[in-house]
Amino acid sequence: MSRQFRQRVRATLTRVKEGRGGYDLPLEIMIYNEAGKQVGRLRPLGKRYLSKTHAKRLREWRICHGYAFPPSVTPITITSTLRWLNKHVVNNPERCLWYVYPLKGRTPIGHMGLATFDYQKNSCELDNILRGEARQRGLMSMAVRALILWTKHQLRPSKIGLRVMGDNEHAIRFYQQLGFKAVGSKTLSNQLRKMIYAE
Ligand SMILES: CC(C)(COP(=O)(O)OP(=O)(O)OC[C@H]1O[C@@H](n2cnc3c(N)ncnc32)[C@H](O)[C@@H]1OP(=O)(O)O)[C@@H](O)C(=O)NCCC(=O)NCCS
């Protein structure tokens, strides 16, 4: 097990969620387009996002895109979303979720995160990538690129992967265009397919 990797992950994700950045750790991740112009930013969801307003938004987006995730065994309510956000995201030092903001907008258009750290393999997964609003096409790809760069620089994993439903063709194409490759044998359409970032 890489103890150093584990310590780095836990300390870094805790710091960003608690708003304790510094010269070595900017609190927002800037998103740039191919011409190098800033087009948006990623903001980590810390304690101040534990409100019904945010839980309501996350719930609506999640329900709207239910096909993209393994089926939930219990109904997704505002209360259960708030509980999940509190326990499994904000207060989990091994997970982080960022809102994706356009440069000028005050409301997020989606979210994306990091989770499933494997300290034997020094790897992690992109998690919960979801566009909730139709504005600013192209921003989600640029945001994923920004999150990968940040992750490589701050956390230094050996591998970055993700899991996607085998029948989510749009997402699979989206990830392929970003440099991810499917690994393992082909899965059934309703099962999760693993993809690995290959530079
Ligand atoms: C997967 C997902 C995040 C991808 O988001 P997206 O909106 O397709 O991604 P982008 O913001 O990068 O937009 C890409 C599209 O905009 C187009 N685009 C990029 N820049 C553009 C620009 N400047 N002007 C117009 N169009 C542009 C791209 O060509 C692409 O079009 P296409 O979808 O027809 O190929 C989104 O589909 C989603 O949330 N799906 C539901 C949840 C989900 O499946 N999540 C994955 C779980 S594993």
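1. Element order. Going along the sequence, you get α-β-β-α-α-β-β-β-α-β-α-β-β, which comes to five helices and eight strands. Keep in mind that this is a predicted model.

2. Overall dimensions. The radius of gyration is 16 Å, close to the 16 Å that the globule rule gives for 199 residues, so the protein is as compact as a globular protein of that length. The C-alpha trace spans about 45 × 40 × 35 Å along its principal axes.

3. Burial and contacts. Of the 199 residues, 29% count as buried. If you look at contacts between residues at least 6 apart in sequence, 57% of them join residues at least 24 apart.

4. The sheet. Eight strands make an open sheet with mixed pairing, in the order β1-β2-β3-β4-β5-β6-β8-β7. At the edges sit β1 (29–32) and β7 (180–183), each pairing on one side only. From one strand to the next, the twist averages 30°.

5. Strand β1 runs antiparallel to β2 (residues 38–44), and four bridges join the two. To find your way around here, look for Met30, which stands opposite Arg41 in β2.

6. Helices on the sheet. Helix α4 (residues 139–154) packs on the sheet and touches β1, β2, β3 (96–102), β4 (110–118), β5 (123–131), β6 (159–165) and β8 (192–197). The direction of α4 makes about 135° with that of β1. Helix α5 (residues 169–177) packs on the sheet too, touching β6, β7 and β8. For α5, the angle between its direction and that of β6 is about 160°.

How values were computed. Residues numbered from 1 in each chain as written. Predicted model: local features only at pLDDT ≥ 70, side-chain atom pairs only at ≥ 80, totals over all residues. Rg over C-alpha atoms; globule rule 2.2 N^0.38 Å. Buried ≥ 20, exposed ≤ 12 C-beta atoms within 10 Å, placed from the backbone. Contact = placed C-beta atoms within 7 Å. Pairing = 2+ DSSP bridges. Axes fitted to C-alpha atoms, helices over the stretch in contact; angles between N-to-C directions.
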